[in-house]
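Please work through each task before reading its solution.

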Amino acid sequence: MTDLTTGTSRTTAAEAADLGAGRRGPLALDAGDAARVATFAALIAALGMPGSLALFGNTVPITLQTLGVMLAGTILGAWRGALAVATFLALAAAGLPVLAGGRGGLGAFVGPSAGYLVGFLVGAAVVGWLVDRLRRVTFVGVLVACLVGGVALVYAFGVPVQSIVTGVPLATTAQLSLAFVPGDVLKALAAAAITVGVVRAYPAARRSGRSAGRPAAADRASS
């Protein structure tokens with residue numbers, strides 16, 4: 001703004017904060033971002049506490065943790081959502097019992113579930129990237145993002161690795177993975193409903209990876 005008494009330009013505290021945010025860049029983290037990343041990493045871990053369920057002899061269990069992965073992407077955005085999942089995976093690799101059923105350690109990353117764990121990381125980033133590009137945060141738009149990034153892409157990583165590790169033919173492994181589909185669709189529906197509700201109630205909760213000059217989808221949710 002311009003000081004009318006002197007004709008010089010002055011920058012308000014709010015403007016200075018905005019300029020500082022722009023200089024940090026879209027991948028920078030402030031204290032609030034770090035807290036959100038840690039919170040969602042803890043949420044993913046907490047969703048594994050109810051345990052896991054193996055169906056029809058499948059070596060990969062059904063868990064609720066995919067819901068946390070979807071929510072990390074839809075609410076935190078691509079970069080921060082992926083970072084939350086990476087934090088969760090780092091804790092698991094360090095031996096903490098954060099995986100479904102109280103599992104942890106490097107063994108999980110060479111077992112039948114290894115591909116799904118990698119899929120979690122990529123899936124959160126893709127879900128966030130897709131939601132970032134919505135003109136408005138709508139239930140259908142978020143649902144499609146979750147189905148693409150949080151379901152299909154996770155399967156694309158998980159099924160082939162499971163087939164290789166177990167020695168079961170790919171077609172048979174893919175057929176066994178169909179047992180996951182109904183539950184994962186329900187989790188995608190839940191993630192979409194939760195995300196839309198959170199964005200409507202508190203638009204600032206959603207953080208995207210866009211640059212400071214381009215509004216995120218959350219900023220347009222109520223426009």
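**Exercise 1.** Are H4 and H5 roughly parallel or roughly antiparallel to each other?

*Solution.* The model is a predicted one. Step one is to locate the elements: helix H4 covers residues 78–93 and helix H5 covers residues 114–132. Step two is the geometry: the two helices pack with their axes 7 Å apart, at an angle of about 165°. Step three applies the cut-off: angles over 145 degrees count as roughly antiparallel. H4 and H5 are therefore roughly antiparallel to each other. To complete the description, the crossing of H4 and H5 is right-handed.

**Exercise 2.** Classify the orientation of H6 relative to H7.

*Solution.* The axes of H6 and helix H7 (residues 170–177) come within 9 Å and cross at roughly 130°. As for handedness, H6 passes H7 in a right-handed crossing.

**Exercise 3.** Determine which helix gives the most to the nonpolar patch.

*Solution.* Begin with the members: Phe139, Val140, Val144, Leu147, Val148, Val185, Leu186 and Leu189 make a nonpolar surface patch of about 630 Å². Next, assign them to elements: helix H6 (139–166) and helix H8 (181–201) each supply at least two residues of the patch. With five residues, H6 gives the most.

**Exercise 4.** Is leucine 186 buried or exposed?

*Solution.* Leucine 186 lies in helix H8 and is one of the residues of the nonpolar patch. Its relative accessible area is 58%, and the cut-off for exposed is over 50%. Leucine 186 is therefore exposed.

Definitions and conventions. Residues numbered from 1 in each chain as written. Predicted model: local features only at pLDDT ≥ 70, side-chain atom pairs only at ≥ 80, totals over all residues. Heavy atoms only, no water. Patch = residues over 30% accessible without salt bridge, like charges linked within 9 Å, V, L, I, M, F, W, Y side chains within 5 Å. Areas by Shrake-Rupley, 256 points an atom, 1.4 Å probe, with all protein chains shown as cover. Salt bridge = Lys/Arg side-chain N within 4 Å of Asp/Glu carboxyl O. Helix = DSSP H or I, 4+ residues; strand = E, 2+ residues; numbered from the N terminus. Buried < 20%, exposed > 50% of the residue type's maximum accessible area, 1.4 Å probe, protein only. Axes fitted to C-alpha atoms, helices over the stretch in contact; angles between N-to-C directions. Parallel < 35°, antiparallel > 145°, perpendicular 65-115°, else oblique. Left-handed = near helix turned anticlockwise from the far one by under 90°.
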